[in-house]
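Here are my notes for our chat about this model. Keep the viewer open and go through the points one by one.

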Amino acid sequence: MTTAFDPIDLSGKTLANRIAMAPMTRSRADAPAATATELMATYYAQRASAGLIITEGIQPSVVGQGYTNTPGLHSAQQVDAWRKVTDAVHAQGGTIFAQLMHTGRISHPSLLPEGLMPVAPSSVAAAGQVFTYQGPQDYVTPKELDQDDITQTIADYADAARNAIAAGFDGVEIHGANGYLIHQFLAPNTNLRTDSWGGSAADRARFGIEVATAIAEAIGSHRTGFRISPGNPYNDIAETDPANVLETYTTLIAGLAPLDLAYLHLVESPDRDLTARLRKDWPTAFILNPFTHPETTGPGALAHIADGTADIIAFGALFLANPDLPVRLAAGGPYNTPDAATFYGGDHRGYTDYPTLPADSA
């Protein structure tokens with residue numbers, strides 16, 4: 001029987017175990033350069049016993065930033081800063097992928113260089129507020145991406161992926177979940193386009209597929225993962241029709257599967273049947289961030305590896321509170337309790353009303 005503590009081959013990279021650290025925004029980068037810090041190097045190195053670390057969301061371009069003090073991968077200075085992090089993780093024997101997160105409309109002009117506006121597939125403002133340096137502010141109506149903008153944005157993702165490899169990362173995860181730009185293209189309430197980038201499930205899935213294709217061509221498919229969260233209403237996404245959700249995500253999977261990516265990372269909805277369908281359709285490693293609301297993902301989730309539901313389980317809050325989590329899981333505890341008051345990421349997946357917090361890129 002396969003267990004969480006067995007190694008796994010991830011597209012040619014052997015992981016020590018099947019326990020992943022989920023991406024969780026920490027807002028600890030140095031501003032305004034958006035560079036990684038020594039604190040971040042310590043933080044990730046402490047958790048290097050994970051089979052796979054997936055970093056906090058990293059903006060692939062200046063217009064992709066949606067929160068205060070989040071890091072980027074679009075400048076030489078940022079690449080140099082990230083090398084301290086990757087070197088620290090590798091020195092501890094760890095494997096680390098950079099999560100590329102373009103927030104799209106989940107941003108504010110005050111977070112961007114002067115003259116820039118948040119962008120999205122359609123000019124539809126998100127409900128709610130974003131945390132800025134001036135405090136919480138209402139989301140604005142974003143600029144609708146035109147064809148040239150879309151072409152440039154895809155190129156920005158590919159350039160950021162190249163920068164990630166130059167910075168020493170083992171690969172990248174494309175953030176297609178939680179209401180950020182790629183998810184905004186997938187969802188019918190945020191993508192109102194009638195051109196080849198919207199309308200049908202195939203056209204709504206096109207942007208994510210083309211981003212993945214560009215990145216796979218830039219750094220290799222074996223270094224590329226993709227994250228999705230079907231039906232997740234976080235950041236004012238409305239994917240409420242189960243038939244539409246099934247069509248959208250099976251179409252997306254059908255477009256991504258031929259790329260032979262390293263993995264698919266699913267932020268699970270309450271629909272376990274959908275999980276099973278996507279698992280069946282996906283040809284390579286399947287990472288699961290299981291639906292456990294209102295609890296955080298706990299040790300019991302490891303059973304999903306033994307029963308074949310997933311190849312790797314991603315833990316969020318529990319990894320924050322327990323940097324040596326794989327050791328504790330193997331020993332059956334004890335576990336430190338996550339502090340919800342300071343937890344901005346991980347298992348907050350939007351299936352209920354959560355407090356407005358600086359970020360959640362899990």
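**Notes on the model**

1. Start with a helix pair: H3 passes H5 in a right-handed crossing. Keep in mind that this is a predicted model. H3 covers residues 147–166 and H5 covers residues 201–219; they pack at an angle of about 35 degrees, and their axes are 9 Å apart.

2. Now for the barrel. It is closed by 8 strands in the order E3-E4-E5-E10-E11-E12-E13-E14, with parallel pairing. From one strand to the next, the twist averages 25 degrees.

3. Have a look at where E3 (residues 19–21) meets E4 (residues 52–58): the two run parallel and are joined by 2 bridges. Here Met 21 stands opposite Ile 53 of E4. Helix H1 (residues 38–46) packs on the sheet and touches E3, E4 and E5, its direction making about 150 degrees with that of E4. Our helix H3 packs on the sheet too, touching E5 and E10, and its direction makes about 160 degrees with that of E5.

4. Is strand E10 buried or exposed? In E10 (residues 171–176), 6 of the 6 residues are buried, so the strand is largely enclosed by the rest of the structure. Gly 171, Glu 173 and His 175 point one way, while Val 172, Ile 174 and Gly 176 point the other way. Buried here means under 20% relative accessible area.

5. Who are the neighbours of E10? Strand E5 (residues 96–100) runs parallel to E10 and is joined to it by 4 bridges, with Leu 100 standing opposite Ile 174. Strand E11 (residues 224–228) also runs parallel to E10, and 5 bridges join them. There, His 175 has Arg 227 of E11 as its bridge partner.

6. Last, the record. In an unreviewed entry, UniProt lists residues 5–332 as "domain: NADH:flavin oxidoreductase/NADH oxidase N-terminal". In the model, that span is 34% helix and 18% strand, and its end C-alpha atoms lie 13 Å apart.

Definitions and conventions. Residues numbered from 1 in each chain as written. Predicted model: local features only at pLDDT ≥ 70, side-chain atom pairs only at ≥ 80, totals over all residues. Heavy atoms only, no water. Axes fitted to C-alpha atoms, helices over the stretch in contact; angles between N-to-C directions. Left-handed = near helix turned anticlockwise from the far one by under 90°. Buried < 20%, exposed > 50% of the residue type's maximum accessible area, 1.4 Å probe, protein only. Pairing = 2+ DSSP bridges. UniProt positions renumbered as here; feature names shortened; annotations may be inferred. Contact = heavy atoms within 4.5 Å.
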